[in-house]
Amino acid sequence: MARTLMSGNEAVARGAWEAGVAIGVGYPGTPSTEVLENLVKYDGVRCEWAPNEKVAAEVAGGVSLGGARTLVTMKHVGLNVAADVLYTQSYTGVTGGLVYLVADDPGMHSSQNEQDTRNHAVGSRVPLLEPSDSQEALEFVKRAFELSERFDVPVIVRMTTRVSHGKGLVEQGERHEVPVRAYERDVRKNVMMPGNARLRQGHVNAREVDLMTYGAAAEENRIEYRDTSLGVITSGIAYQYVREGLPEASTLKLGLTVPFPESLILEFVSKVERVVVIEELDPYLSLRVRALGIELVEHGLPRSGELSPRLIAEAFGGDELPVRDEVQGLPPRPPLLCPGCPHRGLFYSLGKVRAVVTGDIGCYTLGSLAPLSGMDSCVCMGASIGMAHGVDLAGSVNRPIVAVIGDSTFAHSGITGLLHMAYAGSTGTVVILDNRTTAMTGHQGNPVNGVFIDGSAAPELDLEVLSRAVGAASVRTVDPHELDATLAVLREETAAEHLSVIISKAPCALLIKEERDPYAVDEELCTKCGACIRLGCPAISRDESGRAVIDTVTCVGCGQCVQVCRFDAIVRVGPSCDFGGGR
Amino acid sequence: MSITTVVLAGVGGQGTILAGDVLAKVAVAEGHDVKLSEVHGMAQRGGSVETFVRFGERVYSPVVDRGVADHLIAFEVTEAARTLRYLRPGGTLVVNRRVMASLPVLIGDVPAPDGLENALSSEGAIFLDAEALACEAGSPRSANIVLMGAASYALPFNTATWERVIGERVPPKTVEANLRAFHLGRDACAEGACAL
């Protein structure tokens, strides 16, 4: 069969479908998001975005209890939210196969930390598979479903950014229909109160031994003998780097890394002269290899971030490639809020309130960068609200304290925080940035925007009603593109002695399909005052004389800059191609 | 074991991901093993973006190191300079003559870099005005395909394969404009300095 170019995430979806998965459920998070977005395209599978990873894992647990196969997807930090579910699902085990697809982000391309999911597999005592390319992603997901049912256990498939978003050729198979198992009530297995949980612990202990036996002979773990003067123990994407960086070295490529495959390690080590472990993120393998009394070659590779073939080759004295000199003095280019982003209007207005702003996870975290500089903290999904209350409790701040949280993040873990503020009698202010989508991860539906994963209409959460029901005394909706009106509401609500929710509601700029003509600066009228520059819009810069200039290719015509210009120097012009494509 | 490595560098939103996908599919269609790597998510929001495409008989790493790339296709001048480290001596350097100031430059925190075009020229850069050619093709958004047309001149693939893959990959309404964009980019190279 012809092989197809697929990303690791596409291959996971294909593998789950081939494995007869009935239900896919998850919460979007880079680099895991495309798994469910692709799985939903297959016939015979129902997919759902849950409001958070815990709910997703619970839904998946229910599907498994009901006897069907299910895939639950999330990024690494999402498993922290779902960990409460996983650690006890490990005790109950499964009825229908239950697979967690968890994607780590070495190098933190799009994450707030760099945690290693293998630690959660060890902690919850469930097996973990690590594919190293798209083909293995497909095969390992299918294997994960088999292992889940055979050993009565949830199984984690751990991806990393380069496996999830890397593409490679994949040989696809056919779907294997798996009948839903008949429901049987089994209280001892499924009701985890202490007496039953103690019984199930025996299952967990025995299962771990069985899985170690399985792992010793599993085809997911593979020894490749080449030159035996150096043996490399490796897993995941690091295997690809080792094959390119140290092509002559023998390798023990581990696909099933939890439970730790002790006997294979001992076999491999006995046949090579020197041993080294090369893995990304935590020293999971190397600590355990050392614990067996094995001496490892020190390689000096970085403890965090991503590896590469060359880093590995050079760590072992490989030939230096000739390189060009780096160009010095280049300005950094951090990501930024898009042209026309409604969050820009909100942060611009919020800046004038001089508030302490506790922030949250989403595109709007970029509002923390200069010149908007609109955020004092960002930790995890939902943290803005609890932290705003906490800063207030500390008593050291005599300025307004404002929590800023996106619509999807609010649905994920903001509601309970707001409930607590109301319960505790807070007079703080919470701004919900409702841009009608889960923007950062690529515009997924969520309970607030009323779009289901397949694009169909779903009930839309009424944020105003919800906020009042939870206990906010004042709930107001503003259009953040209207800068003066937004500022007026922010001033009133931060000054008021009651709990306020402000819903800053305008669609993400990338959702707006109609082309609006860009603006340009009238050179005669521009006084070089810099007011428009302070919006931090990527379309606006200064020319050599200090006058504002608008790049007509980048400008999407949102009109925020028109409102801040006191000299009417910003005027709408025609399509960008009339100006030679932006110049 | 001969592998060809192409790096596409630009600013999030310029269409490097689609361009990389087109290139990878062309390489697959012509019988190569292919690996592609890119990053999604926060990095895409107007930040520096890099897409790696590698093809040959057997490709292991999707990630590219310094001094490895045979071709660097830069969608923006500053990003060309930033990613020049990937290009091996003697590699092909195609640069879109567009300059997009990053936020720290826009707001005056750091000065705009000086003399980049000269520096890139001395490294053998071939410059194109992709946006102008894209407008000529009928769609200002086809600048990424203009650049792939330019890159195609130095890559070992048939024009018919490029045309077929572009036709399958871009939105149906924009196929004609993108095919024109591809040829305008390719012709610009054929008539200009691309002939190395």
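This is a predicted model: local features need pLDDT of at least 70, side-chain atom pairs count only at pLDDT 80 or more; totals for chains, interfaces and linings use all residues.
**Before the views.** Residues are numbered from 1 along each chain as its sequence is written, and chains are lettered from A and ligands numbered from 1 in the order in which they are written.

**α4 crosses α9 in chain A.** Here α4(A) packs against helix α9 (residues 194-217) of chain A, with the axes 7 Å apart and an angle of about 80°. (Axes are lines fitted to C-alpha atoms, for helices over the stretch in contact, and angles run from 0 to 180 degrees between N-to-C directions; helices are DSSP runs of H or I with at least four residues, strands are E runs of at least two, and both are numbered from the N terminus.) That angle is why α4(A) and α9(A) come out as roughly perpendicular to each other. On the α4(A) side you'll find A:S90, A:Y91 and A:T92, which meet A:A197, A:R200, A:Q201 and A:V204 of α9(A). (Contact: C-beta atoms, placed from the backbone, within 7 Å.) Sorted by class, this contact has three nonpolar residues, three polar and one charged. (Ala, Val, Leu, Ile, Met, Phe, Trp, Tyr, Cys and Pro are nonpolar; Asp, Glu, Lys and Arg are charged; the others, Gly among them, are polar.)

**α3 runs alongside α4 in chain A.** Look next at helix α3 (residues 53-65) of chain A, whose axis comes within 7 Å of that of helix α4 (residues 76-92) of chain A, crossing at roughly 30°. α3(A) and α4(A) are therefore roughly parallel to each other. The crossing of α3(A) past α4(A) is right-handed. (Right-handed means the near helix is turned clockwise from the far one by less than a right angle; anticlockwise makes it left-handed.) From α3(A), the contact takes A:E53, A:K54, A:A56, A:A57, A:E58 and A:G61, while α4(A) brings A:G78, A:L79, A:V81, A:A82, A:D84, A:V85, A:L86 and A:Q89. Seven of the contact residues are nonpolar, three polar and four charged.

**α15 meets α17 in chain A.** In this close-up, helix α15 (residues 383-394) of chain A and helix α17 (residues 415-423) of chain A sit with their axes 7 Å apart, at an angle of about 25°. So α15(A) and α17(A) are roughly parallel to each other, and α15(A) passes α17(A) in a left-handed crossing. The touching residues are A:I385, A:G386 and A:H389 from α15(A), plus A:G417, A:L418, A:H420 and A:M421 from α17(A).

**α1 of chain A is mostly covered.** Ten of the eleven residues of helix α1 (residues 8-18) of chain A are buried. (Buried: 20 or more other C-beta atoms within 10 Å of the residue's own; exposed: 12 or fewer; partly exposed: in between; C-beta atoms are placed from the backbone.) Among the buried ones are A:E10, A:R14 and A:W17.

**Chain B against chain A.** Zoom in on the interface: 53 residues of chain B are in contact with 53 residues of chain A. On the chain B side, α1 (16-29), β2 (33-37), α2 (77-83), β5 (87-96), α3 (103-106) and α5 (130-137) each supply at least two residues, with β2(B) giving the largest share, five. By class, the chain B side has 29 nonpolar, twelve polar and twelve charged residues.

**Around B:L133 in the largest nonpolar core.** This core has 139 residues, and B:L133 is one of those with the most contacts inside it, as are A:I540 and B:V146. Leaving out residues up to four places away in sequence, B:L133 touches B:L128, B:V146, B:A181, B:L184, B:G185 and B:A188. (A nonpolar core joins buried Ala, Val, Leu, Ile, Met, Phe, Trp, Tyr and Cys residues through C-beta atoms within 7 Å.)

A cis peptide bond links A:T30 to A:P31, with omega about 10°, and A:P31 lies in the loop between β2 (23-26) and α2 (34-39) of chain A. A:A370 and A:P371 are also joined by a cis peptide bond, with omega about 5°. A:M108, though not a glycine, has a positive phi near 50°; A:M108 counts as partly exposed because it has 14 C-beta neighbours inside 10 Å. A:D568 also has a positive phi near 50° and is exposed, with 9 other C-beta atoms within 10 Å.

Conventions:
Two residues are in contact if their C-beta atoms, placed from the backbone, lie within 7 Å. Angles under 35 degrees count as roughly parallel, over 145 as roughly antiparallel, 65 to 115 as roughly perpendicular and the rest as oblique.
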